[in-house]
Every structure is written in structure tokens, then in C-alpha cells.
Amino acid sequence: MRMSKLVRTGADLLYPFALIFGLYIVLHGHLTPGGGFQGGAVVATGAAIVIVAWAYEDIAEMIRKVTMMAQESAGLLLFIGAAILALGFGYAFFYNVLANSGGLFGLPVAFGPNPGELDTAGVIPIMNIAVGIEVWGGLTIILLYLLSGLKKEEGT
Amino acid sequence: MNGFLITHAPALLIMVPLIGAFVAPFVGRVSPKVRSAWIILIMTLTTLVALMLASDVFLHGTRIYVFGATSPGLTVPLDSGGIPIRIIFTIDAMSALMQVIAAVCGFAVLLYSISADRIHSGLESYYTLFLLMITGIMGMVSTGDFFNFFVFLEILSIASAGLIAYRIDGGLAVEAAIKYFVLSTIGAMAVLIAIGIYYGEYNALNIAMIASRMQFTLLDQVALVLIIAALAMKCGAVPLHFWTPDAYSMAPSSVTAMLVVASQASLYGLFRVVFTIYNLTLNAMTVGWIIIILGILSMVVGVTMAIPQKNVKRLMAYHAISQTGYMLLGVGVGLAVLGNQPLMESFGYIAMEGGIFHIINHAMYKGLLFLTAGAIFFRIGTYNLNRMGGLGHSMKYTMVFFIIGALAIAGIPPFNGYASKLMIYESVFAFNPVLAVIAMVVSILTLASFVKVFHSIFMGPRLPEFDTVQEAPMPMLVGMGILAAIVILFGLFPQAVVDTLIAPAAHALADQSGYIASVLGGA
């Protein structure tokens, strides 16, 4: 069932902002409150807004179950891949090999109060991103399954 | 390469099924055949890792694996103030034994499941959840960190609930799954509160660290009650058994066989808490008797409820409750005399060995029985005993496997149930003769019940409606055959099994200081 044009336009406008805000929380997970799960949940609320404002049939093309399922598994694989990375360097499973290495996310953290350098913390941001992708997919699938069961109202 | 595998085996045990679970949806899109091959490959690897790790543990003693450290053996970092801050896997002989059970059962059940569940839809999530269930069990029995135990308990509960609801069956399976899920969540919350109590009191989550600082204050008693209640519920002990018949009977048979293993992982958790975290600080006699009474109640109520059942899987589920009682009885007697070395030597260790031996035996023969029930359902489409009959004509191998399982559960030689039950009878008789008599009566009732079931399924003339029924497909027979072979082998050579596997496990469970020393380095 579609809502009024006002609501639909509002939802369309809000969707990119919800997306960006969620991704911001995911990416800054190691610096600010929040992280992969919280950011992924925010992104999924963006999907919830459009699903509620539009009919399920309208958004089924845009937000596809197959993509979301792939995202769910891919996120988890990325997470475990980041953990396995340590084995290749001869450390224990889950060891943070990238921290302070100078490479990706590898800058050392400055001592004392600082504005927060994004390029730090090693595999932690990678794991945050992985969890963000996974929660985005997982929660959206839950929403899609819940709402695909709705009956159409007569005469609309 | 071999050294690398051995060093990282505890991590691989979790890693391999997890990767398998998350890649399965992708390979499943290629074709169902590729997916089956992938799942079998992953399960084979998991089984090999578990067997390799277990043989290493039985040969060289307890293994430690520290996640996220520079080296897997670095339990207490220099700047941590003497507390093992990281997640540590502590795999002693008892954990290794549970891993072997989970791996072997999981492998046999998976072979069976590939063939039995082929016709159903939604398989991409089915095998993901199945492998997550294996991960949860492996994690629960390996972990040396109590919060981590809670995490794996939740992984196991959620995966199991999804699998119980898998065959929707007019909403009945969903109802059973919701029941299981709500109860599991309540149980997990109780465990979480207990973990909070430990953390508040001892500033540690590591089992060895908590054990070394244990004071047994009033708060610790509250935590003990919460944990025993939650885990006794998860392993289906009376009076907290009410979810088991529903969940066991509504889940697909392959899942039911894994649920049996899962309930034993909870049993392992219960024993681990009582023996390793508390050990002698608690009043061993009182808590021992509580566990014995739970066991006796489960045995008697389970078997008496099983007798009138019409649904073959519900009947087997009640028998599973009853058999769990034997394990609680055996290990409970061991706990009751803990600390009294002469009594421990004369019958305490044997009682514990009997209880632990019964865990592995039960996983094998009960898994086998549930698989035969599933094979019958696969061919005739009903679990109702009143509508079966004369299947011995057409399903000969299934009948043989059923006989093996039924005789083993009733404790008839030369099957494995006899070996462990005899150990329990003898040692419990020395502790308290009345308990041994109850245990024997329950065994006789079990035999009576299975004679009835055998008669109504397989005996009698060939029924016209089952004229076209054929033997179960080959992979299902192979899965059942693996379990049946273990049932017979363990029954023929019980002493060898007890000496190599069970006795080290029982001694490792009772040896609290050894467990603490292996993590904290002799502190």
C-alpha cells in the first residue's frame, strides 16, 4: 500500500541521508560511539523508511533480497578474513596485524587529546565495515520478509 | 605445515565451519550438487581438525590458544596486571572428547542430511545454520572464557531455533521453535547475569582466573543456582524438560540428532562450572545430590512419559530425557564424593567415567535412532506408530540399525550402552544401592518401550499401503552405518575406549588445579 505523495517524496529525500549517516557511523566506529552494528542498523532504517512509504512491489526491484543475502554472507566473510590475515604473518587468529604498520589503517595513534585520525586502529575498522555490511543486509532482509507478508488493502 | 595446523587447530575448529557456513549461500547458487560437495568438504575438514587436536591433547596434555595475541601461547600479557584479558580456548581431555563427539556425529548426520533433506526448499540457509550449530557446539566445549561460552551458547540457540522451525508443518514446528527460543533466551540471560556476578566480584571472565579466585560467597551461590537452572534446562533435565519433546519431534531428524549433541554441550557446560569453577569450594555433597536428584527425576519421568507416546519421535525424545538422567546420575555421584580421595578412588572416578562414557554412547545410539526414525518418515511420511507396520519386509538395513540402537539404549551387551550403564550401576551401587536399583528399573522400562516400538514399526505382515516402500537411499544408510559401527565397536572394546578417552576426560574434569595451572602457568 502506498502512502501519500508527500510521505513518499519525504522518504526519497531522507533515504540518501540515512545511508550516509549510517555509513559515517560504520566508518568512524573506532573513533566515535557506534560501530558496525549500529551503523548497519541505521542504514537498514533508511530501507525501512522507503519500504513503509512505498508499496513492497515498488521497492522489490530497488532493494533485492538476493543482493541483501549476498551482502550478509560477504560481510561475515570479510570479517573472518580480517581475522585470518594474522595467521599469514605467523601470529594468533584475530591478532591486529595492520595496527601501527604504516599501511592501510596503520598510522600510530597520537598521544593525548586529538581530533581523531581515521587512518588508525588496523583491522578494527575493517571488521567494523564488515559488520556494517552484514547488519545492513541482515536487517533489511528481516524487514523485507516481515513486510512481504502484508495483505493488499481492497480498492487501493 | 603440520606444526602450523597443530598450533592453530583450536582456531581452525571455529574458523573452518564459519567460513563454510558463509560461503555456502554463494556456492549454492552454482548448483545444489556443488553445495553438497562443499558442505561435505567443510565437515570432513572440521572432523579431521577435531580428531587431530583431540589426539594431540590426549598425547601431550591440555592445549591453550589465545585469540588476538602475538603468539597463541601468550595467556597473560605483561601489561595486563596478571589477568588473562584475551579470549582463551582451553582444551583439556574433557573438551577434546566433546569435540570428537560433535565432529563424528556431525559428519554422520551431514551425510544423512544431504540425501534426506534434498527435496526441501530453503537449503541455502539450512546448511549455513547447520554449520553454525557445529560452530556453536565446538566453541562451547573449547572455550576457556566464560563470556565467550555465553556467546557460543547464543550462536547455538539461534541456529537450533532456525533449524527446528525449518519444516514449518502447519505452524507446529514454528511453535516448537518459538518455545525453544524463548526458553533458551531466558536461560542465556540467567547465564549472563551469573557472568556479571563473577565479573563484578573477581574482575575476570576467564574460567581459570575465576576458579583461582573463587570465594563461594552468597553471590557465587546465586550465580551457581542461575547456571545450574539454565544449563539443566538446556540439556533437557526434568523438571525443565518441557521444550524437548516438541523441539525434538518437530525438527527434521538430522537436526534432532544434532540437538542431542547440542544438549550434551550444555551438559558439558554444567559439569565444567561445577567441577572447574567451584570444585571444592562448594558443598560437594549437597550440590552432588541436587544433580543426582535431577538425574533420577529425568530418568523416571522421561521413561514413564515415553511409554504412552504414539509419535515415534516424541517417544524417542522422552527417552533422550531419560538417558540424560544417567549422565547426571553418574557425574553427580562423582561430585558428591569429590574431595574424599578414598571414596573417589573406590567408586567416584568410575561413576564419573560411566557418566561421561554415557555422553558419547548416547550421542551415537540416540543419533542413530533418530536417524532411523527419519529414514522411516522419509519413505512412508508419518511418525504415527499406529499407522506403521510390516516395514521389516522392505527396509531391512534400517531395521538392523534400529535394532542396534534400541538394544544399545536398553543396555544390552554387546552394545555400548551396556558398557557405560554397567559402570554407572556398579559405582552408584557402592554409593547408594537404591539409586542403582532405580537406574536398572528404568533400563528395563526402556527395553520394554523399544520392544513395543520395534514390533509396531517392523513386525507383522506387509501392509498394502506400504507396498511400494523401498529401502532408504545409500547416503542415509552410510550416515547411519557410521554411528552403528561406533555403537558396536565401543560395545566390543569398552575397556580400550575407557582407558584412552574416558578416564583422561574424567580426571581432567575433576582436576581443577591442573586446569588453572595450564592457563595461569602454575599460579
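Colleague: How far apart are the end C-alpha atoms of helix α3 (residues 93-116) of chain B?
Modeller: This is a predicted model, with local features needing pLDDT of at least 70, side-chain atom pairs counting only at pLDDT 80 or more, and totals for chains, interfaces and linings using all residues. Residues are numbered from 1 along each chain as its sequence is written, while chains are lettered from A and ligands numbered from 1 in the order written. Helices are DSSP runs (H or I, at least four residues), numbered from the N terminus, and the expected span is 1.5 Å times one less than the number of residues. For its 24 residues that rule gives 34 Å, and the end C-alpha atoms agree, being apart by 34 Å.

Colleague: Okay, what's the radius of gyration of chain B?
Modeller: It's taken over C-alpha atoms, and the globule rule is 2.2 Å times the number of residues to the power 0.38. For 523 residues, a compact globule would come out near 24 Å, and chain B agrees with 22 Å.

Colleague: How many residues of chain B are in contact with chain A?
Modeller: Contact means C-beta atoms, placed from the backbone, within 7 Å. On that basis, 13 residues of chain A touch chain B, and the number on the chain B side is 16.

Colleague: Which residue is the bridge partner of Tyr65(B) in β2(B)?
Modeller: Strands are DSSP runs too (E, at least two residues), and two pair if DSSP finds at least two bridges. β1 (residues 63-66) of chain B and β2(B) run antiparallel over 4 bridges. In β2(B), the partner of Tyr65(B) is Phe89(B).

Note on methods:
Contact = placed C-beta atoms within 7 Å.
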